[in-house]
Amino acid sequence: QKLAQKIMKMIQGDYIEKPDFALKSIGASIDFEQTSATYNHDKARSYCSWIRLWNYAQPPDVILEPNVTPGNCWAFSGDRGQVTIRLAQKVYLSNLTLQHIPKTISLSGSLDTAPKDFVIYGMEGSPREEVFLGAFQFQPENIIQTFRLQ
């Protein structure tokens, strides 16, 4: 039974057993005006420029879902991007956890598109001011990492 519970936790992504305030299901949302454009690959949308197919690109709010499976991710245009997440309630965060699929299940067999260097800001006060919370580097070999915020 303990093994079954451990497997279910892994499937559901509950590795750290801490609240996730950035879930769409509890009211978190993306500020699309403050978020980078989604990467759209022309080959994903058309075939020979005359047969129109669906777009495989996921919108930014896919990152607010607990589903960490291949292809269920948001890709932004270029090699730098930003996302602004509006939380449903005011919170004081001490840590941030980032999760990515392991190389073993990556469709490309690579982790080249995993997040790397990133900076976190919070919003505080009235009028709202950005507060620097830290600069970090994600190591894609470790599928889930927790970073201590300033």
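From the N terminus on, the elements run α-β-α-β-β-β-β-β-β-β. That is 2 helices and 8 strands. Helices here are DSSP runs of H or I with at least four residues, strands are runs of E with at least two, and both are numbered from the N terminus. This is a predicted model, where local features need pLDDT of at least 70, side-chain atom pairs count only at pLDDT 80 or more, and totals for chains, interfaces and linings use all residues. Residues are numbered from 1 along each chain as its sequence is written, and side-chain values use heavy atoms, with hydrogens and water left out.

Some totals. The accessible surface comes to about 11500 Å². Carbon and sulfur atoms hold 54% of that surface. The areas come from the Shrake-Rupley method with a 1.4 Å probe, and for residues only the protein chains shown count as cover. Of the 150 residues, 19% are buried. Buried means under 20% relative accessible area, exposed means over 50%, and partly exposed is in between (1.4 Å probe, protein chains only). Now contacts, meaning heavy atoms within 4.5 Å. Among those between residues at least 6 apart in sequence, 54% join residues at least 24 apart.

Next, the core. Which residues make up the largest nonpolar core? There are 7: Phe-118, Ile-120, Leu-133, Phe-136, Phe-138, Phe-147 and Leu-149. A nonpolar core is a set of buried Ala, Val, Leu, Ile, Met, Phe, Trp, Tyr and Cys residues joined through side-chain atoms within 4.5 Å. Strand 6 (117–124) and strand 7 (129–137) are the elements that give two or more residues to this core. Take Leu-133. Not counting residues up to four places away in sequence, Leu-133 touches Ile-120, Tyr-121, Gly-122, Leu-149 and Gln-150.

Strands 6 and 7 run antiparallel, joined by 8 bridges. Two strands pair if DSSP finds at least two bridges between them. Asp-117 stands opposite Gln-137 of strand 7. The hairpin has 4 residues between the strands, and Gly-125 takes a positive phi near 80° there.

On to strand 8. Strand 5 (residues 95–99) pairs with strand 8 in the antiparallel sense, over 5 bridges. Asn-95 has Arg-148 of strand 8 as its bridge partner. In a regular strand, side chains alternate between the two faces of the sheet. In strand 8, Gln-145 and Phe-147 form the covered face. Ile-144, Thr-146 and Arg-148 form the uncovered one.

Look at Gln-145, in strand 8 (residues 144–148). Buried or exposed, this Gln-145? Gln-145 is buried, at 10% relative accessible area. A polar atom of its side chain lies 2.5 Å from the backbone oxygen of Gln-139. Beyond neighbours within four places in sequence, Gln-145 contacts Leu-96, Thr-97, Leu-98, Gln-137, Phe-138, Gln-139 and Pro-140.

Now the loops. Trp-74 lies between strand 3 and strand 4. Its relative accessible area is 12%, so Trp-74 is buried. Leaving aside neighbours within four places, Trp-74 has contacts that include Thr-35, Ser-36, Ala-37, Pro-59, Val-62 and Ile-63. Pro-60 is 14 residues from Trp-74 along the chain, yet their C-alpha atoms are separated by 5.3 Å. The side chains of Trp-74 and Thr-38 make a polar contact of 2.9 Å. A polar contact is a pair of N or O atoms within 3.5 Å; within protein, one must be able to donate a hydrogen and the other to accept it, and residues adjacent in sequence count only if both atoms are side-chain atoms.

Thr-35 sits in the loop between strand 1 and helix 2. Thr-35 is buried too, at 12% relative accessibility. Its side chain reaches the backbone oxygen of Asp-31 at 2.7 Å.

Last, charges. Side chains of opposite charge can pair when their charged atoms come close. How many salt bridges are there? The count comes to 2. The rule is a side-chain nitrogen of Lys or Arg within 4 Å of a carboxyl oxygen of Asp or Glu.

One joins Asp-31 and Arg-86, at 2.8 Å from N to O. Asp-31 lies in the loop between strand 1 and helix 2 (42–45) and Arg-86 in strand 4, so the pair ties together parts 55 residues apart in sequence. Asp-31 is buried at 11%, whereas Arg-86 is partly exposed at 48%.

Asp-61 forms a salt bridge with Lys-24, with the closest N and O atoms 2.8 Å apart. This pair links distant parts of the chain, 37 residues apart. Asp-61 is buried at 16%; Lys-24 is partly exposed at 40%.
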